[in-house]
Amino acid sequence: MSSLFGLSTPVDIDIRFNGQEQRKQIEAKVDKDRRDKFPLYFDGETVAGKINIRVKDGKRVEHNGIKVEFVGSIELFYDRGNHYEFRTIQQELAVPGELRNSTNFDFEFKNIEKQYESYHGINVKLRYFVRVTVLRRLADVVKEQDIWVHSYVMPADGNNSIKMEVGIEDCLHIEFEYNKSRYHLKDVIVGKIYFLLVRIKIKHMELSIIRRETTGAPPNQYNESETITKFEIMDGAPVRGETIPIRLFLGGFELTPTFRDINMKFSARYYLNLVLVDEENRRYFKQQEITIFRRQVDDEVVDTPTQMLQEQ
């Protein structure tokens, strides 16, 4: 639209990070049908690089200053006009003047805090990026270049097993047990399901991992659930006293750490969802929240193939 009124961008801006080619790249979903790769950084790590500003067609370009910023931002898709920048650090690159030729600038944000992990979800993005702005009288020229951040935040102390009894009075009574409530990204969920009373005909049973994303705050709160994986763990009618072992390897799934009330804007929580289906296709289910976290070694090992085993 701006080019229709003779307002096309008068300069091209290129941002490159130091050591970008040697740095590990993280592939992430940018939107519904597109993925991209981003250089990986960690909390407290310096972000530095070079900026090239090239004047188009050799023309003289007046500006009111040039600045570079490191930005941490939360973008809620239902509120696209407002981006919540929880971290902004600014450096001045040039005072007001003119650009005549290609110009290079160095930038460095030393030991910068990045308290949250990057996240691209259904209704929210948590981004870190470097933003260069050439200030002009009519319209600023802005270029952003994203990085990806991994955070090694261990859960609070305590990792008790999960043990619950559920059922329908005089019809069905089962007890399920998982070995712990907190799992790292390459962990294995080990559990057992005990059938204490079975008076309805169960056709099959399945276990799924669900990610539930909550954005905003009441009354403008939105919840979206996404099934990460689903497995049938039993086919056929169980009998009283039967035990079904569970072993689920997490390494092959595209999981993130659990996010809880990040900057009061969003959460992303994980649940184990156990579903029983009877011969009349009625479904009985029970959900249990688990915590997912990232260890430093999770970024160093090869993913475990997705698999699920039943053992006697």
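The mean pLDDT of the protein is 87. A value of 70 or more is reached by 93% of the residues. Among the elements, strand β11 (residues 124–134) has the highest mean pLDDT, at 97. Strand β23 (residues 308–309) has the lowest, at 36. One covers residues 1–6, which make three contacts in the model beyond near neighbours in sequence. The other covers residues 301–312, with 29 contacts beyond near neighbours in sequence. Where pLDDT is low, the predicted coordinates should not be read in detail.

The peptide bond between P218 and P219 is cis, with omega at about 0°. P219 belongs to the loop that connects β17 (202–217) with β18 (220–235). N111 is one of them, with phi of about 50°. N111 sits in the loop between β9 (103–109) and β10 (119–120). Its relative accessibility is 52%, so N111 counts as exposed. D261 also has a positive phi of about 50° and is not a glycine. D261, however, is placed in strand β20 (residues 259–262). Its relative accessible area is 47%, so D261 is partly exposed.

The model contains an open sheet of three strands. The strand order is β1-β4-β9, and the pairing is antiparallel. Strands β1 (11–17) and β9 form the edges, each pairing on one side only. From one strand to the next, the twist averages 20°. Strands β1 and β4 (residues 47–55) run antiparallel and are joined by seven bridges. Within this sheet, D12 stands opposite R54 in β4.

The whole structure holds 14 aromatic pairs. F38 and W148 form a stacked pair. Their centres are 5.7 Å apart, with 25° between the planes. F38 lies in strand β3 (residues 34–42) and W148 in strand β12 (residues 141–150). The pair thus links distant parts of the chain, 110 residues apart. Both F38 and W148 are buried. The pair of F86 and Y116 has another geometry: ring centres 5.2 Å apart and planes at 70°, so the pair is edge-to-face. F86 lies in strand β7 (residues 83–94) and Y116 in the loop between β9 and β10, so this pair ties together parts 30 residues apart in sequence. F86 and Y116 are buried as well. Both belong to a cluster linked by ring pairs. The cluster consists of F17, Y41, F70, F86, F107, F109, Y116 and Y128.

Charged side chains also meet aromatic rings. The charged end of R212 sits over the ring of Y271, 4.4 Å from the ring centre. K265 lies over the face of Y84. Here the distance to the ring centre is 3.6 Å.

V130 lies in strand β11, the element with the highest mean pLDDT. Its relative accessibility is 0%, so V130 counts as buried. Neighbours within four places in sequence aside, V130 is in contact with I15, F17, V47, V68, E69, F70, F107, K143, E144 and Q145. Of these contacts, F17, F70 and F107 are among the members of the aromatic cluster. The C-alpha atoms of V130 and K37 are separated by 16 Å. Along the chain, V130 and K37 are 93 residues apart.

T215 lies in strand β17. Its relative accessibility is 1%, so T215 counts as buried. With neighbours within four places in sequence left aside, T215 is in contact with L76, Y78, N123, V124, N220, Q221, Y222, K265 and F266. One of these contacts, K265, is the residue that lies over the face of Y84.

Technical notes
Residues numbered from 1 in each chain as written. Predicted model: local features only at pLDDT ≥ 70, side-chain atom pairs only at ≥ 80, totals over all residues. Heavy atoms only, no water. Helix = DSSP H or I, 4+ residues; strand = E, 2+ residues; numbered from the N terminus. Buried < 20%, exposed > 50% of the residue type's maximum accessible area, 1.4 Å probe, protein only. Pairing = 2+ DSSP bridges. Axes fitted to C-alpha atoms, helices over the stretch in contact; angles between N-to-C directions. pLDDT = per-residue confidence, 0-100. Contact = heavy atoms within 4.5 Å. Phe/Tyr/Trp six-rings, centres within 6.5 Å; stacked < 30°, edge-to-face > 60°. Lys NZ or Arg CZ within 6 Å of the ring centre and 35° of its normal.
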